[in-house]
Amino acid sequence: MRTLTLLSSSPAATFTEPLTAAEVERFLGLASLSPADSERDALIDGLIASAREMAENFQGRDLAQKQWELRLDSFEDTEIELRQPLIAVELVQYTDSDAAETSLVETTDYITDLHKGMIRPPYGETWPSFTAYPTSAVLVRFTSGYDSDDAFWSDAGRRIKIGMKLLIADWFHNRLPRSLSEEEVPAAIRALLSGGALPRAH
């Protein structure tokens with residue numbers, strides 16, 4: 001069994017979103033306000049985050065950088081798939097039946113494949129053999145996602161941004177979204193958000 005948890009050190013408020021409030025307001029044709037309207041600002045920020053989350057669902061990848069903790073009951077698979085785009089693996093640790101924790105060393109005990117978004121033992125090696133703690137005995141802490149100035153946004157990510165803006169406009173002008181299910185996103189927007197999607201491992 002595997003559980004994936006977003007760390008409290010990466011709350012949604014600190015994500016660097018791929019869209020800024022200013023560019024969304026321009027797309028919506030909204031005038032700048034002085035003083036600022038805090039209610040409108042909160043709405044725009046919420047719509048940006050919601051559109052990004054919807055795009056991530058379609059894409060099968062993280063579009064904002066986040067830190068995750070993956071917990072497994074054991075090293076049951078040789079390859080442990082994480083989320084893409086994988087940036088770094090900060091910790092691989094296991095807990096034995098005596099509740100003793102052991103941290104593994106990268107390159108010695110495991111290798112990281114950023115291209116495939118996974119970790120595995122080095123060539124000819126296996127994961128440690130141990131009597132596991134009854135539950136969540138293996139911990140993998142990692143960071144994934146794109147930074148807002150990543151080259152991805154100048155290439156394939158451009159159509160995702162367009163799709164996000166159109167989705168935000170649909171939500172903003174209708175005020176009440178028809179639904180947050182992928183099936184009810186308008187077909188043209190769905191095509192923009194899903195282009196180049198990765199296989200869904202999680």
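**Note on strand pairing and aromatic contacts**

1. Strands S6 and S7 run antiparallel and are joined by 3 bridges; strands here are DSSP runs of E of at least two residues, numbered from the N terminus, and two of them pair if DSSP finds at least two bridges between them. Within this pairing, Thr112 has Ile119 of S7 as its bridge partner.

2. The model is a predicted one, in which local features need pLDDT of at least 70 and side-chain atom pairs count only at pLDDT 80 or more, whereas totals for chains, interfaces and linings use all residues. Residues are numbered from 1 along each chain as its sequence is written, and side-chain values use heavy atoms, with hydrogens and water left out.

3. The order S3-S7-S6 describes an open sheet of 3 strands with antiparallel pairing. S3 and S6 (111-113) are the edge strands with a single partner strand each, so one side of each has no neighbour in the sheet.

4. Rings of Phe, Tyr and Trp (its six-membered ring) pair if their centres lie within 6.5 Å; planes under 30 degrees apart are stacked, over 60 edge-to-face, and the rest tilted. The count by this rule is 7 aromatic pairs. Because the centres of Phe75 and Tyr94 are 6.3 Å apart and their planes stand at 75 degrees, that pair is edge-to-face.

5. Phe75 and Tyr94 are both buried, that is, under 20% relative accessible area, with exposed over 50% and partly exposed in between (1.4 Å probe, protein chains only). Phe75 has 13% relative accessibility, while Phe130 is partly exposed at 21%.

6. One aromatic cluster comprises Phe75, Tyr94, Trp127 and Phe130.

Terms used:
Helix = DSSP H or I, 4+ residues; strand = E, 2+ residues; numbered from the N terminus.
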